[in-house]
Amino acid sequence: SSDVCSSDLETIPDMRFSEVPKTKDQLISKFKRDVNILLKHTKENSKDPRWFYYLGDSYKNLGMHEQAIEAYQNCWELNGWDEESAWCMYK
């Protein structure tokens, strides 16, 4: 089920996560990969604003500002999570 009750969650004290640092070329490769994945996913899930937000971020990180704006606007227009929509319009 996609519904998670708070009683289904577990807290692990002192758990920490980190990401391995990436070179500029590795970051560009990652953002290009993400754009390809997210373009397919947003096409298949065109009513889910969340993925348009991440698509916008990936485009922004590649310096593709017009595409980023379009993705952020799609997220906002789908009227999902208020904070996410507001963040898209800020960006």
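Which helix is Leu 55 found in? Leu 55 is found in helix H2, where helices are DSSP runs of H or I with at least four residues, strands are runs of E with at least two, and the numbering goes from the N terminus. Before going on, a word on the ground rules: this is a predicted model, so local features need pLDDT of at least 70, side-chain atom pairs count only at pLDDT 80 or more, and totals for chains, interfaces and linings use all residues. Residues are numbered from 1 along each chain as its sequence is written, and side-chain values use heavy atoms, with hydrogens and water left out.

**Confidence**

The protein has a mean pLDDT of 88, and 91% of its residues reach 70 or more; pLDDT is the predictor's confidence in each residue, on a scale from 0 to 100. Of the elements, H1 comes out highest with a mean of 97, while H4 is lowest at 80.

**The core and its H2 residues**

The largest nonpolar core has 11 residues in all: Val 35, Leu 38, Phe 52, Tyr 53, Leu 55, Tyr 59, Ala 68, Ala 71, Tyr 72, Cys 75 and Cys 88. Such a core is a set of buried Ala, Val, Leu, Ile, Met, Phe, Trp, Tyr and Cys residues joined through side-chain atoms within 4.5 Å. H1, H2 and helix H3 (65–77) each supply at least two residues of this core.

Back to Leu 55, which counts as buried at 4% relative accessibility. For burial, the cut-offs are under 20% relative accessible area for buried, over 50% for exposed, and partly exposed in between, using a 1.4 Å probe and protein chains only. Leaving aside neighbours within four places in sequence, Leu 55 is in contact with Val 35, Leu 38, Leu 39, Thr 42 and Ala 71, contact here meaning heavy atoms within 4.5 Å.

What does Ser 58 contact, leaving aside its neighbours within four places in sequence? The partners are Phe 31, Asp 34, Val 35 and Leu 38. Tyr 59, with residues up to four places away again not counted, touches Val 35, Leu 39, Met 64, Gln 67 and Ala 68.

**Salt bridges**

How many salt bridges does a search of the whole structure find? The search finds 5, a salt bridge being a side-chain nitrogen of Lys or Arg within 4 Å of a carboxyl oxygen of Asp or Glu. Here are some of them:

| Pair | Closest N and O atoms |
|---|---|
| Asp 34 and Lys 30 | 2.9 Å |
| Lys 40 and Glu 44 | 3.9 Å |

Asp 34 and Lys 30 are about one helical turn from each other because they are 4 residues apart in helix H1. Asp 34 is buried at 13% relative accessible area, whereas Lys 30 is partly exposed at 24%. Lys 40 and Glu 44 are likewise 4 residues apart in helix H1, about one turn, and both are exposed.

Asp 57 lies in helix H2 (residues 49–61) and Lys 91 in the segment after helix H4 (82–90), so the pair ties together parts that are 34 residues apart in sequence. Asp 57 counts as buried at 16% relative accessibility, and Lys 91 is partly exposed at 37%. Elsewhere, salt bridges that share partners join Lys 30, Arg 33 and Asp 34 into one network.

**Out on the surface**

Ile 12, Met 15 and Phe 17 form a nonpolar surface patch with about 370 Å² of accessible area together. Patch residues have over 30% relative accessible area and no salt bridge, with like charges joined within 9 Å and nonpolar side chains (Val, Leu, Ile, Met, Phe, Trp, Tyr) within 5 Å; the areas come from the Shrake-Rupley method with a 1.4 Å probe, and for residues only the protein chains shown count as cover. Ile 12 lies in the segment before helix H1 (24–44) and counts as partly exposed at 49% relative accessibility.

Asp 14 also has its place in the segment before H1. Though not a glycine, Asp 14 has a positive phi of about 65°, and it is exposed at 67% relative accessible area. Asn 79, in the loop between H3 and H4, is another non-glycine residue with a positive phi, near 55°. Asn 79 is exposed, with a relative accessible area of 60%.
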